[in-house]
Every structure is written in structure tokens, then in C-alpha cells.
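Visitor: I would like to learn to read a model feature by feature. Can we take it one question at a time?

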There are 4 protein chains.
Amino acid sequence: METLTAAILPQTIRQRPADSHKGTYGRIVLIGGNDNFGGAIIMASAAAVYSGAGLVTTVTAKSNQTSLHDRVPEAIFADITDVSLMVSLITAADTIVIGPGLGTTNQSRATLTTAFENIQADQRVIIDGSAITLVATDQLSLPTAHLIFTPHQMEWQRLSGIAIADQTPQRNRQVVDELHGIVVLKSHHTEIYTATETYRNPLGTPAQATGGMGDTLAGMVGGFVAQFANESQAVLAAVYSHSAIAEELATSQYVVLPHQIITEIPRFMKTHSEK
Amino acid sequence: METLTAAILPQTIRQRPADSHKGTYGRIVLIGGNDNFGGAIIMASAAAVYSGAGLVTTVTAKSNQTSLHDRVPEAIFADITDVSLMVSLITAADTIVIGPGLGTTNQSRATLTTAFENIQADQRVIIDGSAITLVATDQLSLPTAHLIFTPHQMEWQRLSGIAIADQTPQRNRQVVDELHGIVVLKSHHTEIYTATETYRNPLGTPAQATGGMGDTLAGMVGGFVAQFANESQAVLAAVYSHSAIAEELATSQYVVLPHQIITEIPRFMKTHSEK
Amino acid sequence: METLTAAILPQTIRQRPADSHKGTYGRIVLIGGNDNFGGAIIMASAAAVYSGAGLVTTVTAKSNQTSLHDRVPEAIFADITDVSLMVSLITAADTIVIGPGLGTTNQSRATLTTAFENIQADQRVIIDGSAITLVATDQLSLPTAHLIFTPHQMEWQRLSGIAIADQTPQRNRQVVDELHGIVVLKSHHTEIYTATETYRNPLGTPAQATGGMGDTLAGMVGGFVAQFANESQAVLAAVYSHSAIAEELATSQYVVLPHQIITEIPRFMKTHSEK
Amino acid sequence: METLTAAILPQTIRQRPADSHKGTYGRIVLIGGNDNFGGAIIMASAAAVYSGAGLVTTVTAKSNQTSLHDRVPEAIFADITDVSLMVSLITAADTIVIGPGLGTTNQSRATLTTAFENIQADQRVIIDGSAITLVATDQLSLPTAHLIFTPHQMEWQRLSGIAIADQTPQRNRQVVDELHGIVVLKSHHTEIYTATETYRNPLGTPAQATGGMGDTLAGMVGGFVAQFANESQAVLAAVYSHSAIAEELATSQYVVLPHQIITEIPRFMKTHSEK
């Protein structure tokens, strides 16, 4: 297992070409946020915007429209019950993040199934939170695409069938290989399983142990993957950045809140981008 | 009566173990906020989040969903009229805060009664604001649990039957002993009655004399109690922190607003945490 | 005519007694904000809260509930169509601000009339914006109370019958005496007519010439009047503070926005309070 | 083609006369923002307010009312389905911005047509985003007025019939002359075509390549045009300021978000205003 270092950052966070436009940095659709968990998809969407994704659309419950625009006016809103709109948005996207605050109701299930049916092979798809749980409990067949899973340990247990106590790199790797995707296994020190390699994130602070951290990470992974060509590097850099910002904030805060991490992303990325 | 000092802070605000997750810091449910008093439960919820509670859910009127997510995307929303959802949230919680902005209508009464019926003996329950008034006026029987009351002097008069002018430590103690709970009696210099001891908070500034201060304190008490094992210490540290932050802000402000106190909590706790 | 100076500030903004509570600083009700002009009553309410009023309730259109709580969680919301609630709030108030964003529809008129009918002689009432226009156009009889009018020049023309070009201190004074109230005549250099004296505010910057400035001033006048015993002084100090903050901000800003003034009030008041 | 320099700023951003009021700085109406693209009109409106426009009204979908007031309480709200209200607002306005987030549905088309029918010859009209697309696809006849178009390259292709690869200054000029308006052709280095001259903006950073940048520029152009007499200069100064602020922020940020540019406008304008 390799240990991630800050070297991943300038390798990934490249100088933007002068002659570029928002289309250059990806068209990302985030799907989630039911009537209870609106904050989750708002934080994920904000994280994608602040990471520099070119065009961000959020498919969520109508009751989250106002709070989304309030906190992230840069994101476009789409009503999650408007299936044909969601399908056309998915079709036009480069990157899809599905799961933050999606819930596990029948409505959530229907949304996830429809999304999976419309995903194309060249798209990058981050599967997070309740979407992972639904895949596991309903044994949904996964779409053929560039899949990235971001489970915490309990979600990984559900998805992989490996009990938390038994989640060793060796056993995890077996399931990862079957999934044909990248797995970000979130824990005290997050592990990242790419197709060819396993990485350990040496950073992370208990000040981060608060609700919404995972949603924020999912949005950052989406934002990085949307704009950086090397998918594995993008995931690694997003995970590393998320923890590094948290550690910086934790030097002066007892708890670090997700929205505080989001605010710091543009400055952090600049500091650690290719020179 | 003992006078609180800053020594309570590092004793209570412990270093977080590296290998911890949001579950380690408590699952807290806040119940309150009708169609008029939404700000109260929003400030209480924000105070719990900024104090470091692991997972915060807010049970409130539907009309407060958007403003809750706007100000505290980290909090989960639940509609206060969805009784079965509230019951399942209470059942799964470690800590419950009930009262901020709850009101005293029949709907408020029904909510409070249902909450009390579903509280379990090992839970920590902060009873604040209108919930105290309702307990007093309706002579509701209190649940068996770790109860913490946070009345101001008029609410204490209603609950204890002791007129404000007669609220001496001796007379208060008698009623406290009957209540089988901790009482935070808010005034110019707040008094805290634990099972065995009475404390006086030497801090506090008239710059704090503004609406929402009590709601913020209730949320902080909830947040501290949710994550720190020693319940009495947690209450004392929350009360002390709330006033200490207000005093700091009052050196440069004529009035200190509740939301400004909330914003300072993570930094203040870090400064005064166990080294 | 006397020219206001900063001396009015420490005379008015007194040290708060240590043993005080939110009730000491007034119970203020602000009435206004229809479906179009919600921002006006939100800014007025925020100005009252940041000025240090003890307990602030905002009576406004239901469609403004969320944005009010979002920007000012410290304010309590009441639906302007709930007449009996409004009446009970007025009855319990010390200070009433009516007019910001109220509009001039039949609904506005009905609200204003009901408010006037329920105002008591010992209350302080700030009449602003559309309320002034309605008083003028409908020739409403004014309640007996401590009245404070805050017209701009066109509103004063409507109320006084004096064309803007003819608004000299002498002519204004005649109408002021008939009104039995204080008049704050807003212009490039605002004039304040108390019962016995006329003052000229020497401050003010064209950077302030933007929508919402007057609503903010009305809220500040309400906040000052609610907590400071000398009514005339309170009005003078509010007017002076509003312009002085604007001038400070204008040293580094081409335009000064109302919400930026509001944010500065607590710090400004501290700097200029009684030592 | 002339290259813009900072010299345009003090020539345009004049000292405000002491004896001025909000009416001096223009009455601007912004029209756009359907149920999906509310963020666009909110950012445009905020940009107009922060640029110093005197009185700002936003005509948008009802579902955007709360988020508009949350982010810009200084703006007045009008429901886009209330046609007679929109017409009276247009009639009373000096400057109209139409297009940000308007969409291209039948509702959008009807709004645009009605707006065009009610525009007067002496008004300044910024036509942006979907409004440009609708003009092109529906071959709407343009109103006689002071027109300013702010297309990106694809929108210009639709409007002018010139494919992006063929958009040379010479070919663009021909169409501009037929349009009888100013054209701001947004790209890596934006070009501005006035009646008599063509300018190239030397500023601009790929950190700006993110959704909402164009909406923000449209609002700034509106805000500048509303208050500065020389229309061409106002457009040039707005374009230059927008990019200059972005470049400043990009020295410490990897991506620059539209709302961050908006916040900086008052300070930037002060620094570069007439001394």
C-alpha cells in the first residue's frame, strides 16, 4: 500500500490553459437530497463548484431549491421528480455524483435505477451514501462506466459483504476488482483502491468527525474528476485535499465543519497547483 | 455555592481520539420551532453543530426547512408533524433537546407529550423554553432520563412555583432535588444545580441581553452533553463557554448576537481544550 | 438649526446595567414587507436586532418568513394576514415600526388602519415609507402615541403638502408641530425635527444613495428608541450612527450597501458608547 | 482594434455628486430566472446592486423570491407571471437587463416578447443569455432602444449566423452595424463592439471559467449603464472591472466564483474611481 503525499496535488491540479471556457472543466450533475437530507446534496454541490467544475447542476427535491440557490447560486436546480429532465441532464453530463442525501425510499430507488439506466460508458460516476446502500440491499446491477465508490466502513460492509472488522486491504481488493471501479473507503485513514494500486491517506483529524463530511468529499471527488483527465489522480488529489484542508482548520478549531472546508478549496488548490 | 472557572474547560473538552467517527460524538435530535419561532430552533441546531455534536437532526415545522438548511446545511431536517419519524429519531438518539421555539399551542403540547413518552432512561434530555412552560402549566409527568432544565427566571417560577424574588439557592435546591435533573437557572449570573453541587457562573455581559441567547445556550448544552461523558461537567463547560465567548465579543461590540457566538464556538473550544 | 455632532452618541448609548435582561431593551414589532418588498422589512428588522433591541418580532407576508429567518434568525416571524396575532403583538410591544415595504394596496391599508387602532398612548411608533404615503393619501387619523416619522422628501411632500422645493425649516416646523411627533426628513443632509428643536445631520455620503437605506434607518431608529429612554436623543443618535457608519465604509467602497451598514452597528455603537 | 486599459475606469466611474439620491443612479429591472436557473438572475441582480445601481427590481419565477431576498435584500421582487406588473416596471425603468436564466420555454418567449413590446426608445437594454438565443431562433424583431448584447461565442453564432471559427472582427462588425447596438462578445479575451470602435479586453483568467460568470457580467453592465451617462464607456468599464477583479482573486484562488467577484465590486470601483 502506497502512502499518499502532497506530490499528488501539483501533478493533478494543472495550470488551466488560457484559452479555456467553462465547458473545458466539465459538466457535472449531482443527484440526491430528499426532503430530509437537503443539506447533503447542497454541500456536495457546493464542493463541486468550489473545486472548479465548469457547470454544475443539482437534481434534488423541490423543497431544496431555495436553500441550494441561497448557498450556491452557481448551481442549476432540477426537480428530482422530473424524470425526463433528469435523463436529459445525465445524457449531457461528463460526470455524475449520485447518492448524497438520496435516501432509501422507493422514490430514491426509482431515481437511482433510472439514473443507472441512462449512464453511458464514457461517463465518470461517483456513487455515494444511500446510493451505495441501495446498490447493496437491492443488488442493483451497476452501469458500465467509470465508477467511483465512496463508502464509509458500514456502507462498504453492505456493498462488499466484508464485515468492518475484516476489511483488510487484501479482502477489499478482491471485491474492488469485481466492481470494476475505484473505491474510496472512508475511515480514520481513508484507503483508495484504484484499478492497479492501493493508497493510504496519511491525513485526517478527529475534528472532521461530523455529519456532512462525506457528502463534501463526494462533491470534491466529482469536481476534481470533472476537470482533471487522469481519473485515479483526480480521486487521490480530492481525498488528500479534503483532509489537508481539515487539518489546517483543525489547528485553530475543535471541530471542522464541512462548509468551512468547502470555502477553503479554491485557495488550497491554488497553493498546491502546478507552478 | 462554587464559582465556575475556566478550569472546567480543559477538564471537559478532551482531545478527540484519533480513531473516532461522527458516531463517537453523539446523535442529537432537537425538537422545536413552530411557524413563528423558527429562528430559535435554527440557532439551537447551529449551536449543537458548531459545538461538535456528531450527527444533528432538527425536528421542526415544515416552514423552517429551507432556513435551517440555509444556515446549517450540516443538520438533517424532519417535519414535526410526522410523528412516526420523530419517534424513530428519538429512539435512535443519545441526546434530545426539546423546547426552543416549540410554542405552547395544542400542537406543541402533543409534540412534547409524544416525545416524553418515547424517551428512554439512558438518554440525555435538555428541556428548554416553551417545553418548560408546558411542563409547568400542564403538569406533565417527566420521563425517566438524564434531565437537564434550562429555564430563565420566569420559566423557573412556573416550573418550581418559587417567585423570582424568592429564588434563593436553598429554595431552588429543594425543587431541583425533586426534579431529579440538572437545572441551569439563567440570569445575570447563571446558577447551575447538579445532583450534588451548586455552581455560579461568574461571567456574562448585558451585551448578551437579546432574543435567541437562551436557544443558543440550549443547543450548546446539547452539543456538549452529546459528546462528553461527564454530564455535569458538560453542562458547566457549555454554560461557561457561552458566556466567555459573549464577553470576548462584547469587548468590541455593544450588543452580541447569538449567531455570532455560534460562529466562535469551534475556535473557543480549541483554545480551551485539553492539551 | 443645530448641527448634530458625535457628542450625541455617548450621551445616548449608555453603559448597559449589569443586571439587565432582554426585556430591559425593549420589545419591538416591525410591520411591513409585502410579496414584493420583503427585503425592506428584513433590513429594517436586522437593523433593529443589530442595534440591540431586546426582542424583535417581524409582521410580514408569509412569503418572507424564510428569508427573514435566514438573514435574521434572532427575529420572530408573524404572518401579516393573521390580524389577531398582530393585534396582540402590538398590544405587548414598547416600540412599533410600521411601513418598510408595506406597499399601498388595500391589504397594506387594512394592516395600517388596524395597527393604528391598537396603538397605545405610551408606545413609540416609527412611521416609515409606504405607511407615510398611506397616511397622506388616505388622510388616516394618526394614533395618539410617541410618533416618529421618517419620510424622504417626496413622502414629506405628500404628508405635509409642502412641495420639495419649498421644504424650508420654517415651513416644515409648522407641519411638524401639527403632527405632534418627531420628523426625520431624509435628504442629502437629513434634518430632524423634535418637539423643541431642529437638527441638521452634517454626515452622509452619495455612496449611500441606494435602495434599502431608508428601511435600514427606520430599523435603527426603532432599535435605538426601544432601548434608550430619551426618545429625541435616541432618534438623533440613530440618524447620526447610520450616516457615520456609511461614511466609514465609503472610504473604501464606491457604493455602501444597507446590509453592510447593519453588520457594523454593534462595533460602531461600542466605540461610541458611554465610557 | 483598441486594447482596453485601466484608464477607462476613472473616466467612467465618476465622483458621485454630494447632492444625489438613489434616483440619480438609475432604476434597473432585471428579467430572468426560471424554476431551474434562479441562480443566474440572483447573481445578475446582486452584481447590479453591488455596482451601485440606485433601485434594483428583479422579475423572476416565484420560486426564486426567497433566495433573491436572502442573497440580495436590496433587490425588489416581482413575479414573472404577473405580466401587468412587469410591464409597469419596464415602463418606469431606465435600464433593463433581460435574459439571465430566462430559459427558452414558451413562457420565456412570451416574457421576452412582452418585454420587447414595452421597451421605449430612450431605455438601455442589456440582452443576455437565453434572450439572445430566443432572438436568434425565433427571429424576434428587436425593440428600438439602446441595445447592448452580451453573447458568448455560441450565442453570437446563433445571433449573427457566423460560425465560431469565422468570428473575426471584420465579419462581426458587419452584423453589429446591422444590430444597431453594442456587442460584448465574451471569450478568452472579450471583444466589445461599440457604434464606432472595437475594443479588446486584455484581461481575463481561466480561473473564471465557471457557470454564472456571464450572468454576473450582464448584471455589472446593467449596473454601470444605469448610473454612468456615457453608455459605451459604461460597458467598457464594466467588462474591464469584471476581469480585473477576477484576476486579482485568481492570484490566490484556483477557481474564482461569480459571487466572490460581486462582493469585491464596491471596493474595486472605489480604488479605480475618479479622484
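Visitor: Is A:Ile13 buried or exposed?

Guide: Keep in mind that this is a predicted model. Burial is judged by relative accessible area, and under 20% counts as buried. A:Ile13 has a relative accessible area of 0%, so A:Ile13 is buried.

Visitor: Where is A:Ile13 found in chain A?

Guide: Look at the loop between helix H1 (8–12) and strand S2 (27–31) of chain A. A:Ile13 sits there.

Visitor: Which residues is A:Ile13 in contact with, leaving aside its neighbours within four places in sequence?

Guide: In chain A, the partners are A:Phe224, A:Phe228, A:Met269, A:His272, A:Ser273 and A:Glu274. Another chain contributes too: D:Tyr254 is in contact with A:Ile13.

Visitor: Now chain B. Which residues of helix H7 are buried?

Guide: H7(B) spans residues 153–160, and B:Glu155, B:Trp156, B:Leu159 and B:Ser160 are buried. Next, check where they point. They cover an arc of only 115° around the axis, so they lie on the same side of H7(B).

Visitor: What follows H7(B)?

Guide: B:Gly161 does, and its phi is positive, near 80°.

Visitor: How are chains A and B related?

Guide: Start with the general idea. Two copies of a chain are related by a rotation about an axis and a shift along it. Here a rotation of 90° with 0.0 Å of shift superposes chain B on chain A, with an RMSD of 0.0 Å. The two copies are therefore related as by a four-fold rotation axis. The copies use different surfaces, as 8% of the contact residues of chain B recur in chain A.

Visitor: What does UniProt place at residues 5–272 of chain A?

Guide: An unreviewed UniProt entry gives the feature "domain: YjeF C-terminal" there. That span is 47% helix and 15% strand, and its end C-alpha atoms lie 12 Å apart.

Definitions and conventions:
Residues numbered from 1 in each chain as written. Chains lettered and ligands numbered in written order. Predicted model: local features only at pLDDT ≥ 70, side-chain atom pairs only at ≥ 80, totals over all residues. Heavy atoms only, no water. UniProt positions renumbered as here; feature names shortened; annotations may be inferred. Helix = DSSP H or I, 4+ residues; strand = E, 2+ residues; numbered from the N terminus. Least-squares fit on C-alpha atoms with pLDDT ≥ 70 in both. Contact = heavy atoms within 4.5 Å. Buried < 20%, exposed > 50% of the residue type's maximum accessible area, 1.4 Å probe, protein only. Arc of directions from axis to C-beta.
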